Amino acid sequence: PDMDLVYTLVQEVGRGSYGVVFEGRSACRGHWENECWERVAIKRLPCSSPESMELNLQELWALRAARRKHPNVIALHQCFLQTGPKTFKRLDIASGSLPFDLVENTLKGKVQHPRAEEDPQSHSSVLWLVMEFCEEGDLNRYLLSRPPSAHLNRSIMIQLSSAVAFLHAHHIVHRDLKPDNVLVSSSTSGPIIKVADFGLSRVTQSIGEVTQQCFSSTCGSEFYMAPEVWDGHYTAKADIFSLGVLFWAILERITYFEDTSGKELLDTGAYVCQGRRLVPIGEALHENPRLQFHIPLKVKRAVSTEL
């Protein structure tokens, strides 16, 4: 199709359970020789199963709903639906509709490959999301590469609070706030924080306060999940709990070393010890709402308590 921008993939920068993120470049048509580049992040989301399609559509729906531009929420530039090796269709991200074929497949609980009757070897559809590029990586990488700073901590916390307030004001519940899903861009005035990865998010349809709608799916990253998420009955307030745990991890540099890579990560959140078992605070509070524990100050270790 005739497109205003042309994109090229440069290198892979991230990989998760449902998609791959590439660093990409865009340029106005006809200006490649002038190196009129813009760095972008391009996320490839295969629609190979009803489950993956549902998550992909949730992310697209949330990013569309957040298109009123907030400096601390990742911006979606364009979206393309690939239905063949060289067949791309640019979707109208300004509209409130979603790709009909993908929605239909999700509701039916099966995948109908494009042109399946014509070509049995045809592949399932792929969504390509073109977003702003955050050159500093995620919050893990950014914070742990710098010495502790009260000023930096305060700036990050204010920006994160502003982003979550914006999302909730537009009826978007993130449901997976953690350092991996917070990206960082640089600017002359300091880091700009971007909440990203809306695969588990929900755009509510309720009128009025976003907290009027309840959810039952237990999802997210367990060390950041609120007690009511473990119970399977929660609202947007669960994001506030996750934000609080994230603040704690930022302030106290609560880290761990990942077994597979040996890297130090700001990603475990806060937990309590039950014998040899590490229990997320949300799960512990779900089991015992009256649980009391000592919060260590300026100590780089987990919370320890007798239960």
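Q: Leaving aside its neighbours within four places in sequence, which residues is lysine 43 in contact with?
A: In this predicted model, local features need pLDDT of at least 70 and side-chain atom pairs count only at pLDDT 80 or more, while totals for chains, interfaces and linings use all residues. Residues are numbered from 1 along each chain as its sequence is written, and side-chain values use heavy atoms, with hydrogens and water left out. Lysine 43 belongs to strand β3, residues 38–46 (strands are DSSP runs of E with at least two residues, helices runs of H or I with at least four, numbered from the N terminus). With contact meaning heavy atoms within 4.5 Å, the partners of lysine 43 are Val20, Val21, Glu59, Leu127, Trp128, Leu129, Met131 and Asp197.

Q: Is lysine 43 buried or exposed?
A: Buried means under 20% relative accessible area and exposed over 50%, with partly exposed in between (1.4 Å probe, protein chains only). The relative accessibility of lysine 43 is 9%, and therefore this residue counts as buried.

Q: With the side chain of which residue does the side chain of lysine 43 make a polar contact?
A: A polar contact is a pair of N or O atoms within 3.5 Å; within protein, one must be able to donate a hydrogen and the other to accept it, and residues adjacent in sequence count only if both atoms are side-chain atoms. At 3.0 Å, the side-chain partner of lysine 43 is glutamate 59.

Q: How is the pair of rings of phenylalanine 215 and tyrosine 234 classed?
A: Three aromatic pairs are found in the whole structure (rings of Phe, Tyr and Trp, the last by its six-membered ring, with centres within 6.5 Å; planes under 30 degrees apart are stacked, over 60 edge-to-face and the rest tilted). For phenylalanine 215 and tyrosine 234, the centres lie 5.8 Å apart and the planes stand at 35 degrees, so the pair is tilted.

Q: How many residues apart in sequence are the parts that the pair of phenylalanine 215 and tyrosine 234 ties together?
A: Both phenylalanine 215 and tyrosine 234 are buried. Phenylalanine 215 sits in the loop between β10 (202–203) and α5 (227–231), and tyrosine 234 in the loop between α5 and α6, so the separation of the parts tied together is 19 residues.

Q: The side chain of which residue is joined to that of histidine 168 by a polar contact?
A: Histidine 168, in helix α4 (residues 150–169), is buried at a relative accessible area of 14%. Not counting residues up to four places away in sequence, histidine 168 touches Val210, Ala236, Asp239 and Ile240. The polar contact, at 2.9 Å, joins the side chain of histidine 168 to that of aspartate 239.

Q: What distance separates the C-alpha atoms of histidine 168 and valine 203?
A: Histidine 168 and valine 203 are 35 residues apart along the chain. The separation of their C-alpha atoms is 9.3 Å.
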